[in-house]
Amino acid sequence: MLMSVDTELIRVLADPLRLRIVTLLAQETLCTTHLVEETGARQTNLSNHLKVLREAGVVETEPCGRFTYYRLCPDVIERLAGQFTDLARTARATAEADLKRSCS
């Protein structure tokens, strides 16, 4: 059965800076200072994007002294990838069965 694709998560990841943050966090756990250095974004802008990612469940935080480290939650990305895999599987089956709605 075809699952619907999580449009809210797609919206969250569609922003280029947030996608860059996710890509960086896939490679290692980083603090805000590291992310500012890597992205060139201003700290306040970066913090706003990290808040959106946190609220969407894409990243989790780990306090470490006066710093906060961010880690990617791979299950969220895998769930979204699975939804796209299901969508592609359905499209392939539809094409192979030559399913089409007749026009009136």
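**Labels and their cut-offs**

Reader: Which residues is His49 in contact with, leaving aside its neighbours within four places in sequence?

Author: His49 is in contact with Asp15, Leu17, Arg18 and Ile21. Contact means heavy atoms within 4.5 Å. This is a predicted model, where local features need pLDDT of at least 70 and side-chain atom pairs count only at pLDDT 80 or more, while totals for chains, interfaces and linings use all residues. Residues are numbered from 1 along each chain as its sequence is written, and side-chain values use heavy atoms, with hydrogens and water left out.

Reader: Why does His49 count as buried?

Author: Its relative accessibility is 12%. Buried means under 20% relative accessible area, exposed over 50%, and partly exposed in between (1.4 Å probe, protein chains only). So His49 counts as buried. Its place is in helix H4.

Reader: Why is Phe67 called partly exposed?

Author: Its relative accessible area is 32%, so Phe67 is partly exposed. Phe67 lies in strand E3. Leaving aside neighbours within four places in sequence, Phe67 is in contact with Cys31, Thr33 and Glu62.

Reader: And why does Arg79 count as partly exposed?

Author: At 40% relative accessibility, Arg79 falls in the partly exposed class. Arg79 lies in helix H5. With neighbours within four places set aside, Arg79 is in contact with Asp6 and Leu9. The C-alpha atoms of Arg79 and Glu37 are separated by 30 Å, and the two residues are 42 places apart along the chain.

**The core**

Reader: What makes up the largest nonpolar core?

Author: The core has 22 residues. A nonpolar core is a set of buried Ala, Val, Leu, Ile, Met, Phe, Trp, Tyr and Cys residues joined through side-chain atoms within 4.5 Å. Those with the most contacts inside this one are Leu13, Ile21, Leu25, Leu35, Leu53 and Val58. At least two core residues come from each of H1 (7-14), H2 (16-27), H4 (43-55), E3 (67-72) and H5 (74-97). H2 gives the most, with five residues. The H and E labels are DSSP runs, numbered from the N terminus: helices (H or I) of at least four residues, strands (E) of at least two.

Reader: What does Leu53 touch, not counting residues up to four places away in sequence?

Author: Leu53 touches Val12, Leu13, Arg18, Ile21, Val22, Val58 and Val59.

Reader: How do you know that the span of H2 agrees with 1.5 Å a residue?

Author: The expected span is 1.5 Å times one less than the number of residues. For the 12 residues of H2 that should be 16 Å; the end C-alpha atoms are 17 Å apart, which agrees.

Reader: What shows that the buried residues of H2 line one face?

Author: The buried residues of H2 are Leu17, Arg18, Ile21, Val22, Leu24 and Leu25. Seen down the axis, they fall within an arc of 165 degrees, so they line one face of the helix. The arc is that of the directions from the helix axis to the C-beta atoms. The face turned away from the buried side carries the exposed residues Pro16, Ala26 and Gln27.

Reader: What caps the N-terminal end of H2?

Author: Asp15 does: a side-chain oxygen lies 2.9 Å from the backbone nitrogen of Leu17.

Reader: Which residues of H5 are buried?

Author: Val76, Leu80, Gln83 and Asp86 are buried in H5. What covers the buried residues of H5 includes H1. H5 has 24 residues and reaches 34 Å from its first C-alpha to its last, close to the 34 Å expected.

Reader: What is the order of the three strands in the open sheet?

Author: The order is E1-E3-E2, with antiparallel pairing. Two strands pair if DSSP finds at least two bridges between them. The edge strands are E1 (30-31) and E2, since each pairs on one side only.

Reader: How many bridges join E1 to E3?

Author: Two bridges join them, and they run antiparallel. In E3, the bridge partner of Leu30 is Tyr70. E2 (residues 59-64) and E3 pair over six bridges. Cys64 stands opposite Phe67 in E3. Their hairpin has two residues between the strands, and Gly65 takes a positive phi near 65 degrees there.

Key. A polar contact is a pair of N or O atoms within 3.5 Å; within protein, one must be able to donate a hydrogen and the other to accept it, and residues adjacent in sequence count only if both atoms are side-chain atoms.
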